[in-house]
Amino acid sequence: GNSHLIGPKVGTSSIAFDGNDYLQVPDSSDFNFGTNDFTIECWINFSAIASMNRLFHWHQDGNNRGGFQIGDSGLQWFAESGGSSVIDFNQGGLSIGTNSWHHIAVVRDGNDFNIFSDGVSVASTTDSDAMPDYTCAMTIGQGNSGDYLTGYMQNIRISNSARYPDGTTFTPPTTAFTNDSNTKLLIQNGTDGSQTFTDGSSSSHSISVESTDIRWFAPKVGA
């Protein structure tokens with residue numbers, strides 16, 4: 001893989017994505033959000049940003065897909081069902097740079113959706129639709145057509161609650177998350193060089209490695 005020189009934002013390690021690898025989490029009712037509140041978040045550090053980078057993605061087929069991504073239109077949340085758009089909103093332009101840590105999140109709070117970058121809402125919409133129930137695995141760092149992530153992730157958390165409600169500005173968390181009843185996926189901190197990824201939520205989802213390159217990276221010197 002590429003040389004890794006970036007230190008973690010939180011804790012001692014981050015996940016290094018080399019632009020040809022990803023993680024996969026099996027299909028689960030935990031990710032069938034319906035009309036319920038949810039939060040998908042992580043700390044992320046891009047080594048490069050392509051025109052499209054899939055961060056959290058569901059691809060059942062070409063007509064049923066959705067997720068959280070970043071590209072020329074900035075951060076974006078979208079969902080399609082049966083070939084029709086259910087929801088699709090973005091920040092309208094790329095504001096995140098490379099080689100620095102950023103906290104990103106997409107939150108549903110009732111019918112209000114917000115995308116946050118470093119604790120500030122950069123895109124919002126109102127939608128009462130249920131999110132589709134995709135019958136496929138979720139990928140982290142890749143989409144069906146490629147669109148790989150090149151960079152680092154850590155403190156990945158999916159919750160069935162609106163962690164950051166009302167579109168209100170917040171200070172991104174800089175300490176490790178604690179598992180609670182609303183936590184449905186939690187990936188944080190691993191052993192340097194390891195390709196073992198553990199879900200720290202009570203759901204204990206299995207996490208598979210879809211490459212020989214993706215691994216935990218823990219620098220010997222700080223960030």
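Residues are numbered from 1 along each chain as its sequence is written. Because the model is predicted, local features need pLDDT of at least 70 and side-chain atom pairs count only at pLDDT 80 or more, while totals for chains, interfaces and linings use all residues; side-chain values use heavy atoms, without hydrogens and water.

I start with the sheet. Strands here are DSSP runs of E, at least two residues, numbered from the N terminus, and two strands pair if DSSP finds at least two bridges between them. Seven strands form an open sheet, in the order β7-β6-β5-β4-β11-β2-β14, with antiparallel pairing. β7 (84-90) and β14 (208-209) are at the edges with a single partner strand each, so one side of each has no neighbour in the sheet. Strand β2, residues 23-25, is joined to β14 by two bridges, and L23 has V209 as its bridge partner there.

Next, the cores. A nonpolar core is a set of buried Ala, Val, Leu, Ile, Met, Phe, Trp, Tyr and Cys residues joined through side-chain atoms within 4.5 Å; buried means under 20% relative accessible area, with a 1.4 Å probe and protein chains only. The largest has 43 residues, of which I40, F56, W77, I140 and M153 touch the most other members. Strand β3, residues 38-48, gives the most to this core, with five residues. A second, separate core has eight residues, including Y164 and F177.

Last, the cysteines. With a disulfide taken as two cysteine sulfur atoms within 2.5 Å, the count is zero. For C42, the nearest cysteine sulfur is that of C136, 19 Å away. C42 is buried at 0% relative accessible area, and C136 is buried at 12%.

How values were computed
Helices (H or I, at least four residues) and strands (E, at least two) are DSSP runs, numbered from the N terminus. Buried means under 20% relative accessible area, exposed over 50%, partly exposed in between (1.4 Å probe, protein chains only).
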